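The following exercises concern the structure shown below. Each gives a task and then a solution in steps.

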Amino acid sequence: MHAIKISQPGAPEVLDWTEVPDPVPGPGEVLVETTASTVNRADLLQRQGHYPPPPGASEILGLECSGTITEVGEGVEGWQVGDEVCALLSGGGYAEKVVVPAVQLLPVPGEIDVITSAALPEVACTVWSNVVLDAGLSEGEVLLVHGGAGGIGTHAIQVGKALGATVAVTAGSEDRLERCRQLGADIAINYREQDFVAELKKQTQGADVILDNMGASYLDRNVSALATGGRLAIIGMQGGIKGELNIGKLIGKRGRISATTLRARPVEDKGRIVAAVRAGLWPLVEDGSVRPIIGQVVPLAEAANAHRALEEGGVFGKVLLTTRSAT
């Protein structure tokens, strides 16, 4: 089979379309012939040499995929050869075939085609685990999403609205903010020109839940933006890794901060999250309340171009990498 491999850490040009051995499923795993994968920011970091795969994971990029099961390993129940699926991965998605633990599989939902479904597993599991399972967002609360125009942001907006929350977002241009409004965002804040804490407080008592991809540079402002009893979920470090925390301010708000990653979790934990996504989120996708937002579609062999597009910052939603046409 063919896959994208990294010749050496560096710029997008280090991504090579090359022949590699076919993977073989073990007990509890299936082999998927991939239809599509996606580009996530973790892929950019791994390409640059800053985010190695966890022990035992494929060194091939790609944290999600879609495709068709072609082989089923020992002990797998509920899946069979020929099933169209999408899957959460620890790596290996930038390839024509990938081995997946069966507990990390999801059925292609509703009217979504198999190619487009590749854009769902990573954002769905990230948003659902942080915003719903951990932070407990409920109807009537305020959700603040940083990076509202990205893959996770566009998904989180829709999930928040489907759950009955007031959704606020930050983004860096009026065009991107308007597109966030079209997805359901109630409050749209241009972080280049406005203080998101002040803007949020003009219209709310603060955020009950904040989904943050920035990390250190936003830490103090995020605590300021929390409502009493608010929960800050940190999922990224685009703004650095070390920040100063005013514990007095956090205690005064009876606030809570969590910081999570998805990729390095044990298979069993990922399986728990995938099962919760299938039970709670998949019905919202099937009825059209939540849909994948695709910004660009690029052939997998041209993954370097897809990486450049995401780095340049003009993509709204996800970048898909396709290996074949939908059937």
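**Exercise 1. Determine whether the radius of gyration of the protein agrees with that of a compact globule.**

Solution. The radius of gyration is taken over C-alpha atoms, and the globule rule is 2.2 Å times the number of residues to the power 0.38. For 327 residues, the rule puts a compact globule near 20 Å; the protein has 19 Å, which agrees. Along the principal axes, the C-alpha atoms fill a box of roughly 55 × 40 × 35 Å.

The model is predicted: local features need pLDDT of at least 70, side-chain atom pairs count only at pLDDT 80 or more, and totals for chains, interfaces and linings use all residues. Residues are numbered from 1 along each chain as its sequence is written, and side-chain values use heavy atoms, with hydrogens and water left out.

**Exercise 2. Describe the secondary structure, burial, contacts and surface of the protein as a whole.**

Solution. First, the secondary structure comes to 10 helices and 15 strands; these are DSSP runs numbered from the N terminus, helices being H or I with at least four residues and strands E with at least two. Next, 55% of the 327 residues count as buried, where buried means under 20% relative accessible area, exposed over 50% and partly exposed in between (1.4 Å probe, protein chains only). Then consider contacts, meaning heavy atoms within 4.5 Å: of those with a separation of 6 or more, 68% join residues 24 or more positions apart. Finally, the protein exposes about 13700 Å², of which carbon and sulfur atoms supply 48%; accessible areas come from the Shrake-Rupley method with a 1.4 Å probe, and for residues only the protein chains shown count as cover.

**Exercise 3. Identify the members of the largest nonpolar core that touch the most other members.**

Solution. A nonpolar core is a set of buried Ala, Val, Leu, Ile, Met, Phe, Trp, Tyr and Cys residues joined through side-chain atoms within 4.5 Å. The largest one has 42 residues, and Val169, Val277, Leu281 and Trp282 touch the most other members. Helix 2 (residues 121-134) gives the most to this core, with six residues. Apart from this core lies another, of 20 residues, among them Ile4, Leu44, Ile60 and Ala306. Beyond four places in sequence, the contacts of valine 169 include Leu144, Ile157, Cys180 and Ile189.

**Exercise 4. Decide whether threonine 116 and alanine 102 are buried or exposed.**

Solution. Threonine 116 is placed in the loop between strand 7 (105-107) and helix 2. Its relative accessibility is 17%, so threonine 116 counts as buried. Not counting residues up to four places away in sequence, threonine 116 touches Pro292, Ile294 and Leu320.

Alanine 102 sits in the loop between strand 6 (97-101) and strand 7. Its relative accessibility is 12%, so alanine 102 also counts as buried. With residues up to four places away again left out, alanine 102 touches Gly28, Glu29, Val30, Val76 and Trp79.
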